[in-house]
Amino acid sequence: MPFEIEMPHVGESVTEAVIEKWLKQPGDQIEKYEPIVEVVTDKVAMEVPAPATGELTRIVAQEGDTVAMGAVIAEMDAEDAPAAAVPAEAGPEQVVEQPVQPVSTPTASADPPSGLRIADAGQVGSLISAANVGPTGGAFSDTSLGAEPSDSGPAGKDDVDKGDGAGFARLSPAVRRLLEEHNIEPAEVTGTGVGGRITRADVLAAVQQRESGSKPEAGNLQRPSAVRRMIAEHMSRSVREIPHAWSAVEVDMSGVVACRSANRSAVLEKHGINLTYLPFALAVTASALWANPLLNSSWQEDGILAHGEVNVGIAVAGSEGLAVPVIREADAKPVLRLAIELAEVVEKAREGKLSLEDVSGGTFTLNNTGALGSVWGGAIINHPQAAILTTEAIVKRPVALADDTVEVRPMMNICLSFDHRVIDGAEASAFLQDVKQGLEQVTADTELE
Amino acid sequence: MSQKTVIKAVRDAMLSEMRRDPDVFIMGEDIAHRGGVFLATDGFVGEFGEERVIDTPLAESSIAGIALGAAVNGKRPIAEIQFADFVWPAINQIVGETARVRYGTNGRKSAPLTVRVPYGGGVRGGLYHSQSIEVLFAHTPGLKVVAPATPYDAQGLLVSAIRDDDPVVFLEHKKTYRLVRGEVPDGDYSEPIGVADVKRQGGDITVITYGLMLHYVLQAAQALSEQDRVEALVMDLRTLRPLDRQSIAQAARHTGKVLLVQEDTPAVSVLSEVSAIIAEEAFYDLDAPVMRVGPPELPPMPFSPVQEAAFMPSPEKILAAMRKLAAT
C-alpha cells in the first residue's frame with residue numbers, strides 16, 4: 001500500500017536537514033532498515049533507513065533540498081505498511097546510533113543480486129568421499145593437469161595489453177560505460193588487470209577516491225558537498241551575528257613538555273594511545289571554564305545563558321570536512337581520561353563515523369591549530385557559543401626570564417576569539433591567564449590520573 | 001528434512017508420484033524385476049505390479065514410442081533410457097514426434113511424458129556409458145530439458161516433470177547418484193522447471209554450470225576463496241530448456257566476469273547459448289571476455305583412466321581458469 005516516508009526526527013536541537021544523496025531511485029526495491037538516502041544536518045551526516053519493505057515510488061525532496069524534520073521526503077509502496085508507526089520505526093534511537101557512512105558509490109558487492117533464486121545451504125549438496133559412483137568407481141583428482149590450464153578461448157594471450165603503458169587501449173564494455181557515466185578519462189585510472197588493463201573495480205575505486213578527496217580543478221565550478229555547505233552557512237552566521245574580539249597570551253610549555261616526555265611511553269604501552277599536548281590543554285581549559293562561567297555561556301535574545309556543564313568541542317579535520325566531537329564534562333576528568341576519549345573521537349572523526357551524540361551539546365570549542373604548524377590564529381566562534389580557544393605550535397625561543405637571564409624555552413601562543421556581547425577584555429584576559437598558569441604549573445611529576 | 005543421495009531423491013520422486021496418481025507408470029530396460037541398473041526402481045514392481053512397472057525389450061525407439069502413445073491417450077509415463085549413450089534410436093520418437101505433438105495438433109493434444117536419461121562421465125564408463133547428450137534435446141523446441149545436480153533439485157524437479165503436461169527430458173548425472181548427498185524436504189514438494197539458482201554467492205566472478213560440474217565448481221570456488229580471497233558467484237542452470245535468461249543475465253551483470261563450465265564438448269553446446277544470452281542481455285556490464293572450461297572436441301569420453309582424467313574438467317582445471325578470469 002502507498003506510504004509516505006518522512007525525514008526522521010534525529011535530535012532535539014536539529015530542525016532541518018539537507019538531502020545529500022539518494023541511494024535508491026523510484027522503482028527500486030527497498031528492504032526495511034536499508035539506507036535509502038544520505039542527509040546532512042548541521043551536526044552530522046547520516047543515512048536514513050527505510051521504514052518498511054517495498055518499492056520506492058517517488059522522490060519528493062531532491063538532492064540539495066533543505067527539509068524540515070517530519071516532512072515527507074519520498075513515497076513508497078510498502079508490502080506491510082507499518083501502521084502509523086513510521087516515526088517509531090525510524091525514531092531517534094536507531095538513527096542516532098547510525099554511524100556516518102562514507103559517500104556510497106557503486107562497488108562490486110558480495111550481496112546477492114536481487115531477484116535471483118538463492119539455494120539454501122542444505123540444498124546445494126555435499127560430496128560423499130569414497131562413494132562408489134559408477135560401474136568401476138572413480139577417483140576425484142585430476143592427474144592430467146600440468147602447471148598451465150588449457151587455453152580457454154577468447155581471453156587468450158593475444159588480446160591483453162602488453163603492459164607497455166597503453167594499458168587502457170582496450171576497454172571492456174562495462175569499463176567504457178562506467179568511465180562515461182562518471183566522466184573519467186582512462187588515463188586517470190590505474191589499471192590492475194592483466195598487462196595493466198583497467199578493470200571495472202579499478203574504475204569504481206577511482207570514482208570513490210574522487211568523491212572522497214578531490215581537488216578543485218582551475219576554472220571549474222565545483223558543487224560543494226552538503227557538509228561543505230553546512231560549514232559555510234555555519235561560519236557565515238557566526239561572523240554575521242557575533243561581534244568577534246581577539247586576545248592572545250604566550251605560555252611557557254617547559255613543564256608540559258617534560259610531563260609528556262615522562263609519561264609518553266608508559267601511556268602508549270598501557271593504553272595504546274599516543275599522548276599529545278592536547279589533553280593537557282583540554283584539562284586546563286576545562287578548569288578555567290569552570291572558574292570563568294561567562295566563557296562557557298551563550299548570547300540569546302532574552303539573555304545570557306550560562307551552560308553549567310563544561311562540554312568542550314574539539315575541532316578535527318574529518319574525512320568529509322571539519323568535525324567537532326564533544327568531550328562532555330571535561331572539567332571533571334583527569335588528563336589520562338581525556339587523552340583516551342580524545343583518541344576515540346578523533347579516530348571516529350577521521351573515519352567519518354561520528355554519531356549525532358558525539359557532536360552534540362558543546363558549550364565551548366578548543367582548536368589545536370598548532371598541530372598544523374600555525375603560531376597565531378583568529379578563529380571564528382562556533383555559534384552559539386561565546387568563545388573559542390586555539391592552541392598554537394610549540395616553538396623553542398629565547399626567553400628573557402625574571403632574573404634577566406635568557407633561556408631557550410618551548411613557547412606556545414594561545415589565542416582566544418570571544419563574543420564581545422557577552423565578554424569584555426577583562427574576563428577574556430582573566431580566562432587566558434588561568435589557562436596560562438594552569439599549563440605552566442604542570443611539571444614532570446604531575447599526576448595524569 | 002531428510003538427508004539423501006541423488007538416486008534416493010529420484011526414486012522417492014517416482015514413488016510418491018506413482019502413489020499419488022494412478023496414471024503414472026514406468027517402463028524401461030531391466031527396471032522391474034532387476035530394479036533398474038542403478039536400482040532407481042528397486043521394489044517398485046512388488047508395490048505397483050507389472051502393469052505399472054514394465055520391463056521392455058532392448059529397443060529404445062519402442063520405449064519412447066510406446067510412452068508417447070500412452071501419453072497422448074491420457075497416461076503419464078516415465079520412460080527410462082538405461083544409459084544416455086543408448087538414446088540415439090529413440091531420437092526420432094522424442095525429437096521428431098513427441099516434441100511436435102502440441103504444435104502438430106494445434107494444441108488439441110499434449111504429451112505429458114517424462115524421459116529419464118542417466119548421462120555423464122568420469123565413471124570409467126568409456127565410449128558407451130559416459131556421454132553428455134543434452135544439447136540434442138536442449139536444441140529442440142517443444143521439449144523441456146532438466147539437469148539437476150543435487151538431491152533437492154532432483155526430487156523437486158522430477159515431481160514437476162512428471163506433473164508437466166508437456167514432454168520433459170530428465171537428465172540425471174550418473175556420477176552424482178551416489179556421490180552427492182543433501183537435504184530434501186519431507187512430504188510433497190516440487191521445484192519449478194525453468195529457474196536457475198545461485199548455489200554460492202560472491203561478488204568477484206560469476207561461474208555458470210550444471211550437472212556434476214556444479215560440485216567441481218563449488219570445490220574450486222571454495223579453494224579460490226581460501227587461497228586467493230576471490231569470491232565466485234556460482235549459478236546452477238538446473239533447466240537447460242527453457243534457459244532462465246533473466247537470471248543468467250543478472251548473474252553476469254553482478255560481476256561482469258563470467259566463466260562457463262561444462263562436461264559436454266563446448267562447440268555448439270548449451271553453454272554456447274548461455275554465452276549468447278550474456279552477450280545479448282549483459283554486454284554493457286561485461287568486464288572481460290566470457291571464458292569457458294570444457295573437454296577437448298573428441299567424439300567420446302575416453303576409456304583409459306589417464307585419458308579420461310585429461311578429458312574431464314576437474315576442480316583443479318576450473319580453479320586455474322577462475323584465477324585467470326579474476327586477474328583479467
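Tutor: A helix is a DSSP run of H or I with at least four residues, a strand is a DSSP run of E with at least two, and both are numbered from the N terminus. Please keep in mind that the model before us is predicted.

Student: Between which two elements of chain B does the loop that holds L39(B) lie?
Tutor: L39(B) stands out for a positive phi of about 65°, although this residue is not a glycine. The strand on one side of its loop covers residues 24-28 and the helix on the other covers residues 44-48.

Student: Is L39(B) buried, exposed or partly exposed?
Tutor: A residue needs 20 or more other C-beta atoms within 10 Å to be buried, and 12 or fewer to be exposed. L39(B) has 15 C-beta neighbours inside 10 Å, so this residue counts as partly exposed.

Student: N183(A) also has a positive phi although it is not a glycine; is this residue buried or exposed?
Tutor: The phi of N183(A) is about 55°, and the residue sits in the loop between α4 (173-182) and α5 (200-212) of chain A. Because N183(A) has 8 other C-beta atoms within 10 Å, this residue is exposed.

Student: Which strands stand at the edges of the open sheet of six strands?
Tutor: The sheet has the order β9(A)-β9(B)-β11(B)-β10(B)-β13(B)-β14(B), and its pairing is mixed. β9(A) pairs with strand β9 of chain B (residues 197-200) in the parallel sense over two bridges, and R117(A) stands opposite D197(B) there. An edge strand pairs on one side only, and the strands that do so are β9 (117-118) of chain A and β14 (291-293) of chain B.

Student: Helix α11 of chain B packs on that sheet, but which helix lies across β10, β11, β13 and β14 of chain B?
Tutor: Helix α11 (residues 270-282) touches β10, β13 and β14 of chain B, and its direction makes about 165° with that of β13(B). The helix you ask about covers residues 315-327 and runs at about 170° to β14(B). This helix of chain B is α13.

Student: Where does I205(B) lie, and is this residue buried or exposed?
Tutor: I205(B) lies in strand β10 of chain B. Leaving aside neighbours within four places in sequence, its contacts include V230(B), A232(B), L259(B) and M322(B), while G256(B), 51 residues away in sequence, lies 7.2 Å from I205(B) in space, C-alpha to C-alpha. Because 28 other C-beta atoms lie within 10 Å, I205(B) is buried.

Student: How are α1(B) and α7(B) oriented to one another?
Tutor: The axes of α1(B) (residues 6-20) and α7(B) (residues 151-163) come within 8 Å and cross at roughly 30°. The crossing of α1(B) and α7(B) is right-handed, and residues such as V10(B) and M14(B) are among those of α1(B) that meet α7(B), whose own residues there include L158(B) and I162(B). Angles under 35 degrees count as roughly parallel, which means that α1(B) and α7(B) are roughly parallel.

Student: In the open sheet of three strands, which residue of β8(B) is the bridge partner of S126(A)?
Tutor: This sheet has the order β10(A)-β8(B)-β1(B), with antiparallel pairing. β10(A) and β8(B) (residues 180-184) are joined over two bridges. Within β8(B), the bridge partner of S126(A) is R181(B).

Student: Which residue in β19(A) is the bridge partner of L366(A)?
Tutor: Strand β18 of chain A (residues 364-367) has both faces covered, with F364(A) and L366(A) buried on one side and T365(A) and N367(A) buried on the other. β18(A) runs parallel to strand β14 of chain A (residues 312-314), where I314(A) stands opposite L366(A). Three bridges also join β18(A) to strand β19 (residues 387-400) of chain A, and the partner of L366(A) in β19(A) is L389(A).

How values were computed. Residues are numbered from 1 along each chain as its sequence is written. Chains are lettered from A and ligands numbered from 1 in the order in which they are written. This is a predicted model: local features need pLDDT of at least 70, side-chain atom pairs count only at pLDDT 80 or more; totals for chains, interfaces and linings use all residues. Two strands pair if DSSP finds at least two bridges between them. Two residues are in contact if their C-beta atoms, placed from the backbone, lie within 7 Å. Axes are lines fitted to C-alpha atoms, for helices over the stretch in contact, and angles run from 0 to 180 degrees between N-to-C directions. Angles under 35 degrees count as roughly parallel, over 145 as roughly antiparallel, 65 to 115 as roughly perpendicular and the rest as oblique. A crossing is left-handed if the near helix is turned anticlockwise from the far one by less than a right angle, and right-handed if clockwise.
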